[in-house]
Amino acid sequence: MTNDAQGTAAEIVSDGPSVREMVVNVGPSHPSTHGVCRIITHLDGEVVTEADLVIGYLHRGIEKIAENRTYLQVVPLTDRLDYVGSMYNNWAYSRAVEKLMGITVPERAEYLRVITCELQRVASHMMAVGSAGNDAGATSFFVLAFWIREQVVDLLARLSGSRLTYNYVRPGGVSFDIPEDGWVEDLRALCKKTPAALEELDRLFFGNVIAKDRTKGIGVLSAEDAIAAGVTGPSLRASGVDFDLRRDEPYSVYDRFSFDVVVGESGDSFERSRCRLLECYESLRIIEQALDQMEPGRTTAPSIPRLIAPPAGEVYERIESARGTLGVYLVSDGSVRPWRMKVRSPAFTNLSVVGTLAVGHTISDLVIIVGSFDPVFGEVDR
Amino acid sequence: MTGYWGGVVWGLGAGVLVGISTILGVWGERKVAGHIQKRYGPNTAPVFGIFQLVYDLLKLLTKEDIHPKQARRGLFNIAPLFMTTPIISSLVIIPFAAGWAPLDTSIGILFFLAVPSISVLGVLFAGWSQRNTYASLGGLRGAAQMISYEVPRSLSVLAVVMLAGTMQPVTLMGEWRIWWLPVTLIAFVVYFIASIAELNRGPFDLAECDSELVGGYFTDYSGIRWAMFMMSEYGGMTAAALFGSVVFLGGTWPLSGVLGVLVLLVKTVLLVIAFMWAKWTFPRMRPDQLMATSWKVLTPMALVQIVIVGVVIAWL
C-alpha cells in the first residue's frame with residue numbers, strides 16, 4: 001500500500017505461478033494520461049490483460065461549492081470544469097439558469113455564443129487531435145496542431161480577456177460585445193486560412209503509414225456498445241451513430257446554419273481522432289455563416305439583477321460540447337443560491353469504456369486509446 | 001597509431017569528438033526540430049545558441065548524483081559506461097582522411113558492426129538495475145530491438161564489402177566508385193533505417209518512448225549519468241553517419257587531403273540531419289510492428305541486395 005500512497009511505479013507480482021504478469025502503474029503523473037488519470041495495468045508481456053482506471057485526483061468539489069455561491073458567482077466555477085472547453089460549461093450553466101428564470105437572450109448574444117463556442121470547438125479539438133498524435137510519438141504534429149489552437153485562443157483572449165477560463169457566457173447574455181479593433185476581420189481571415197492548415201495536419205498524421213498502422217483497428221468501439229455506455233460526441237459519431245445535439249435538438253440559433261455532422265464508420269482510434277479534425281471544418285463554416293447573419297443589438301438581456309433568485313424548480317439543459325453531451329441539472333429552492341447543481345460530463349462517461357477497450361491490446365495501444373477519447377480531467381473529476 | 005599510448009591518446013581524442021558531437025548534435029536537433037515545428041530553437045545563448053548546450057552540460061555535471069533507493073547500485077552506476085565506451089571505441093576504425101585511419105585493420109568493418117552492439121548490455125543493465133517497471137520494459141524492448149536490427153544492418157554492409165572485396169575501411173574507401181551508389185542503393189536505405197533502430201531513435205525510439213514508458217531504460221537516471229546516455233545517443237548517431245558516408249557514399253570521394261576530410265564531414269552532417277528529420281516527422285512504431293519491419297521487410301531487402309551485387313560481380 002505504500003506504493004499506492006506514493007503513486008510510484010508498481011511491483012512485479014512474484015507470488016504464485018503467474019510470474020509472467022506484471023503490474024504497471026500508469027499515472028496519475030504520466031506523460032500520456034492527459035491530466036491525472038491513473039491506470040493500473042496488468043501486463044502479460046506487453047499485452048494488457050486488465051486495466052483499472054482510478055479517477056478523482058482532480059476532484060475539487062465544484063458541484064458542492066456551487067451550492068454556496070450565488071448564481072452569477074457559479075459561472076467562473078464552471079470554467080474550471082472542462083478547462084479545455086470553458087465556453088461550453090459557461091453556456092450549459094447559463095442556459096439552465098435562463099430556463100429557470102424564463103429569460104430570453106438577445107439574438108446578438110446568441111450569435112456571439114455560437115461563434116465563441118465553435119471557436120472553442122476548434123481550439124479544443126486541436127488539443128485533442130494533437131495530443132492523440134503525441135501519444136503516437138508525432139511530436140511535430142502536436143506542435144503544429146497547437147499552432148492553430150494558439151491563433152484561436154488569441155482571438156478568444158481579445159474578446160473575453162483571458163485565454164483559458166473565459167467567464168464569457170453568463171446568464172442573460174455574454175460579458176462583452178465584439179471589440180472594435182478589427183476582431184471580426186481577423187476572425188474572417190482565420191476562417192479562410194485555417195482549412196489549409198487543417199489539410200496539412202490531415203496529411204501529416206492521418207495520411208502517414210505508421211500513424212495508420214498505429215491507430216487503425218485499435219480500440220474498436222461498436223455502435224451498440226457506445227450507445228449502451230452513454231458515449232457521446234465525436235467518440236460516438238466515429239462509431240457510426242449519427243447524433244449531434246446541434247442538429248437533432250437545435251438549441252440557440254443552430255437551426256439557422258447549414259453544416260454537416262461528421263460521422264465515421266469503424267469506431268477505432270483513427271476514426272475518433274480524424275472525426276475531430278474534420279469537425280473543425282464544419283465549425284469554421286458555422287462561424288462564417290454566423291458572422292454573415294449577425295446584426296447589431298444588445299448583448300445582454302435587459303434588467304438582469306445582480307442577485308438572481310429564480311423561482312423554485314428544477315431544470316436540465318444539455319448542449320453539444322467538444323467532448324459530447326454536456327448537461328447541467330439545476331435545482332432551485334427559490335433562494336439566491338442553487339440548491340443543487342449536477343454536471344453530466346461527457347468526458348467522464350466516455351472514459352468508462354476505455355478499460356474494457358484496452359484489454360487485448362499492448363501498452364503502446366493503451367495510451368493511444370485513452371488519448372483518442374480526449375478526456376479532460378477537470379471535467380471527469382469535477 | 002597502435003600500441004598502449006596510441007590507444008590512450010585515441011581514446012581521449014574520440015571521447016572529445018563524441019562530446020563535441022553531442023553538443024553540436026543536441027543543438028542541431030533542437031534547431032531542426034524548431035524549423036519543422038515553425039519555431040526557432042535555441043537562439044539567445046552565444047554563437048547561434050550553441051552555448052545553450054554548454055550551459056546544460058555544466059548544469060548536468062553539477063547536479064546531485066541521485067540513486068533510487070530500490071536500485072542495484074553497482075549495475076546502476078556502470079550501465080552508462082557500457083553505453084558510451086563501445087561508441088567511442090568504434091570510432092577508431094573510421095578512415096577520417098583518404099588512406100588513413102587511427103587503427104587500420106583488415107577487419108575494421110566487422111569491428112564497427114560488432115563493438116557498438118555491446119551497448120545492448122548497457123541498455124539491459126540500466127533497465128534491470130533500476131527495478132522500475134517502466135525501465136525494465138524499456139530495457140527489454142531496447143535489447144530485443146537492437147539485436148534484431150543487427151541482422152539487416154550487417155547484411156546491408158555486406159553488399160559493399162562484396163563489391164570492394166575487403167573488410168578494411170581504408171582500402172574500401174579507396175576502392176569506392178560512383179557507380180556503386182546506384183547498385184547498393186537498397187543496402188543504403190536498409191542501413192539508414194536499421195541504424196535509426198540500432199540507435200533507439202525516433203520513429204523507432206520504443207526503448208525510451210516518452211509517451212508510454214516515461215523515459216524507458218533511463219527513467220530514473222539524472223545528472224551526468226543521464227548525460228552519458230545522451231552522449232551515447234548522439235555519439236552513436238555521428239558514428240553511424242560517419243560509417244555510412246565511408247561505406248556507402250565514398251567517404252572523402254571525390255577529393256583527398258584536407259578537402260577530402262571536409263567532404264566527409266559534409267556527408268556526415270547531411271546524414272545526421274536526415275536522422276533528425278525522420279525523428280521529427282514520423283510517429284513512433286509499436287514494438288511488434290518494429291520487429292515485423294526488421295524481419296519481414298528489411299532483412300529480405302538486404303538479402304535481395306546481396307543477390308543483386310552477386311549478379312553484378314559475376315557480370316563484370
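In this predicted model, the centres of domain 1 of chain A and domain 2 of chain A, taken over C-alpha atoms, are separated by 31 Å. The domain assignment places residues 2–54 of chain A in domain 1 and residues 62–381 in domain 2. The contact between these domains takes 18 residues from domain 1 of chain A and 18 residues from domain 2 of chain A. On the side of domain 1 that touches domain 2, the elements that give two or more residues are β2 (38–44) and β3 (47–54) of chain A. Of these, β3(A) gives the most to this side, with seven residues. By class, the side of domain 1 that touches domain 2 in chain A has nine nonpolar, six polar and three charged residues.

Chain A also contains an open sheet of three strands, in the order β6-β7-β8, with antiparallel pairing. Strands β6 and β8 (338–344) of chain A stand at the edges and have a single partner strand each, so one side of each is left without a neighbour in the sheet. Direction ignored, neighbouring strands of this sheet are turned by 15° against each other on average.

The pairing within the sheet can be followed strand by strand. Strand β6 (residues 313–320) of chain A and strand β7 (residues 325–332) of chain A pair in the antiparallel sense over eight bridges.

A pair of helices in chain A was examined next. Helix α6 (residues 139–160) of chain A and helix α7 (residues 183–206) of chain A pack with their axes 10 Å apart, at an angle of about 165°. Because angles over 145 degrees count as roughly antiparallel, α6(A) is roughly antiparallel to α7(A). The crossing of α6(A) and α7(A) is left-handed. From α6(A), the contact is made by F141(A), L144(A), A145(A), I148(A), Q151(A), L155(A), R158(A) and L159(A). From α7(A), the contact is made by W183(A), D186(A), L187(A), L190(A), T194(A), A197(A), L201(A), L204(A) and F205(A). By class, the contact of α6(A) with α7(A) has 13 nonpolar, two polar and two charged residues.

The contact between the two chains takes 29 residues from chain A and 21 residues from chain B. On the side of chain B that touches chain A, two or more residues are given by each of α6 (133–164), α10 (210–213), α12 (257–281) and α13 (287–315) of chain B. The largest share of this side, three residues, comes from α10(B). The residues of the side of chain B that touches chain A divide into nine nonpolar, seven polar and five charged.

Methods
Residues are numbered from 1 along each chain as its sequence is written. Chains are lettered from A and ligands numbered from 1 in the order in which they are written. This is a predicted model: local features need pLDDT of at least 70, side-chain atom pairs count only at pLDDT 80 or more; totals for chains, interfaces and linings use all residues. Two residues are in contact if their C-beta atoms, placed from the backbone, lie within 7 Å. Helices (H or I, at least four residues) and strands (E, at least two) are DSSP runs, numbered from the N terminus. Ala, Val, Leu, Ile, Met, Phe, Trp, Tyr, Cys and Pro count as nonpolar, Asp, Glu, Lys and Arg as charged, and the others, Gly among them, as polar. Axes are lines fitted to C-alpha atoms, for helices over the stretch in contact, and angles run from 0 to 180 degrees between N-to-C directions. Angles under 35 degrees count as roughly parallel, over 145 as roughly antiparallel, 65 to 115 as roughly perpendicular and the rest as oblique. A crossing is left-handed if the near helix is turned anticlockwise from the far one by less than a right angle, and right-handed if clockwise. Two strands pair if DSSP finds at least two bridges between them. Domain bounds come from an automatic or database domain assignment.
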